[in-house]
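Keep the viewer open as you read.

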Amino acid sequence: MSRGLLVAVAFSLAFGATAAPRTGEPAARAKTLAKVRGSVDALAQDGRRIAWINTKASCGKQVQILTLPGRRPVYVGSSRGGSCRLRGQTFGAIALTAGGRVVWQGLAGFGNTEWDYDLFTAALNSPRTRLAAAFAFAYNAGDPDDYFQEERSLPMAADGTTALFFGHQDLGGYKGIKPGIFRLVGRRSKRLSDVTGPGGLAVSGGRFAAATNSPRCCNSTPTWSHDGTRLAWIYHRNLWTIHADGTGDRQLAAGAASPSWSPDDSQLLFEHRETSGARGIYRVNANGGGLRRLAAGSTPASSPDGTRIAFVRGKDVYSITPGGTGARKLTKTKRTTSGPLSWSPDSTRMAVSRAGDISSVRADGAAEVRLTKSRRTETQPAWSPNGGEIAYAQGSTIAVVNADGTGTARSISTDRSPSPQTASSPAWSRDSSKIAFMRPSGGTLWVVNADGSAQRRLGSGKWDSPQWAVDGRSIVIGDFSEDGDLPSDSAIRLVSLVDGRVSVLAPIRRSTVEIRNARSGRLVKRFAIHGYARAIALGSDYVAFLVNHNPGLRVELYSLSGSFRTAAAVPSRVDALSAAGRNVVFATGHAIRRLDARTGVVSTLATAGRTPIGLTIEGRRVVWAENVRGVARIRAVAAP
């Protein structure tokens, strides 16, 4: 190796002379296995071999494999032609099998809405680089649930003779490759499972584990049950419910909008966009099951006495019985009609926005009274619980009008600033004394007395759809979102009326974990953990996760059957795990840390000179890379 410094250091696989520290004991001294000129940005090991990517090496020498003990690294990859260099950015991703086959990935191209990845492979007995797979897919940078919204590597893992990777294709000549986990088989790949955006991938002992995080966005239109014990809301376009104490969440229906409780809280109505593009009114039992289509239409609302369901169809208001029969058109003239509908407490009338004015429509269809006449568009009527008034939104104003049509409408909140913000979503307190509303342009929640006095700002965020709790002491809010502007911290929140303190009620963040046979893909076990998985590692009889609980990051261990074993809090800068035997290793800054899978005790194994790269454990051998002034050092220490 005439033009590069390359020193390999003999290193015993047994590590018999090195003892790992107990808690409180000084860290062990790390050994240097090799030094290479350049910079290592990815590292992997399996069996007797360690592989890394040296991004500063010359053509054909970027992928290097060291076979222990005491052998010099060798290069794999093409040394001539267009494929001799790593194409694009390597993304810090590499996997190595015990037989000396290495797999790595590079960024082949990108655009405002597209990523293109190449997956390469080479081996000690077949060192020429070949393209194993190529993927091109679209992404939405504004969607927090788009796995590809940020520049990142695709998960890969290898063990023994098995190499796995996550792949997806929805652009170019290979459209229709669904996101999933694939196994590299010779020059081809085999799909093992369907996985969308895994939070981690690990393989060991003939099994692999993959974790998929529940969606972050979006949470909207929260609505309390009449008894205040449960909340329904739309989560990632699906209908969910949860108990008031934040437990017992469940999905009831897919593709839902505009949820509404039946008067006895036994059922939920909702709007569903059907495959034809039309909208339908559906009903589902609050405890699950009993899903039924009732009619074509949108924004359903049940009358307080439970005898009729009103909804919008086209330019008219209709009603049906709770069983979906007896359809009746209630409006006599065709005018632009928009929901939501709001029933009077006595179930005789409903308020609705028609042609930009607020109208009161008789439940028997006998009459319609226009309550407001304005040049400005008036929407989102809300009938007061005492039956006397109707609140509505009018540009930057929240106004109220007498429900019987007498008197004139009056403003109770107007933004008179040079750049007034739109007011929306008026919601009455249960005693009809206050109105909560939003100014979505600033994402602020406001409360004002029904007479227009004592207006105050409760809080701000990307919030919308306020609704009062039964006890009147808090307001529940959902997300304000629009195309290209989705909240990254989406949630259903409770805002205290006393001090404005905000707490998250839903959703319960989860990661769904699947353990499968690494050759056939057969499902072995599926379970869920609380929090979002950021990394995963497989031990002999456990799965280790790096879990974000927002706030708080923990390393958590579960048995292969899904039962919790132990956990340890770690700093937020931890981003990777590796496991073997009873040892789970991770790095916090320069410290190499070990979690004992049997006792749950965390100790320090060693201290790196620079930020550890590619930290991994094989047997008892813990290996990582350090880049120091143009030279990369491959370092190791023994775990107990």
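Strand β53 (residues 591-596) runs antiparallel to β54, and five bridges join the two. Strands here are DSSP runs of E with at least two residues, helices are runs of H or I with at least four residues, and both are numbered from the N terminus. Two strands count as paired if DSSP finds at least two bridges between them. Within this pairing, I592 stands opposite A606 in β54.

Before we go on, a word on the ground rules: this is a predicted model, in which local features need pLDDT of at least 70 and side-chain atom pairs count only at pLDDT 80 or more, while totals for chains, interfaces and linings use all residues. Residues are numbered from 1 along each chain as its sequence is written, and side-chain values use heavy atoms, with hydrogens and water left out.

Now step back to the sheet around that pair. It is an open sheet of four strands in the order β51-β52-β53-β54, with antiparallel pairing. Its edge strands, each pairing on one side only, are β51 (578-580) and β54 (602-607). On average, neighbouring strands of this sheet are turned by 30° against each other, direction ignored; the axes behind that value are lines fitted to C-alpha atoms, for helices over the stretch in contact, and angles run from 0 to 180 degrees between N-to-C directions.

Side chains of opposite charge can pair when their charged atoms come close. The side chains of R594 and D596 meet in a salt bridge at 2.9 Å, N to O, where a salt bridge means a side-chain nitrogen of Lys or Arg within 4 Å of a carboxyl oxygen of Asp or Glu. R594 has a relative accessible area of 7%, so it is buried, and D596 counts as buried at 5%. Buried here means under 20% relative accessible area, exposed over 50%, and partly exposed in between (1.4 Å probe, protein chains only).

Which residues are linked in a network of salt bridges? They are D316, K334, R335, R354 and E368. One of the links joins the side chains of R354 and D316 at 3.9 Å, N to O. R354 lies in strand β30 (residues 349-354) and D316 in strand β27 (residues 316-320), so the pair ties together parts that are 38 residues apart in sequence. Both R354 and D316 are buried. Another salt bridge brings the side chains of E368 and R335 to 2.5 Å, N to O. This pair links distant parts of the chain, 33 residues apart: E368 sits in strand β32 (residues 368-370), and R335 in the loop between β28 (328-329) and β29 (337-343). E368 counts as partly exposed at 24% relative accessibility, whereas R335 is buried at 16%. A search of the whole structure finds 22 salt bridges.

For a covalent link, turn to the one disulfide in the structure, defined as a pair of cysteine sulfur atoms within 2.5 Å. It joins C217 to C218, with 1.7 Å from S to S. The link is right-handed, with 50° about the S-S bond, and both C217 and C218 are buried.

Finally, consider the whole protein chain. Its secondary structure comes to zero helices and 57 strands, and buried residues make up 53% of its 640 residues.
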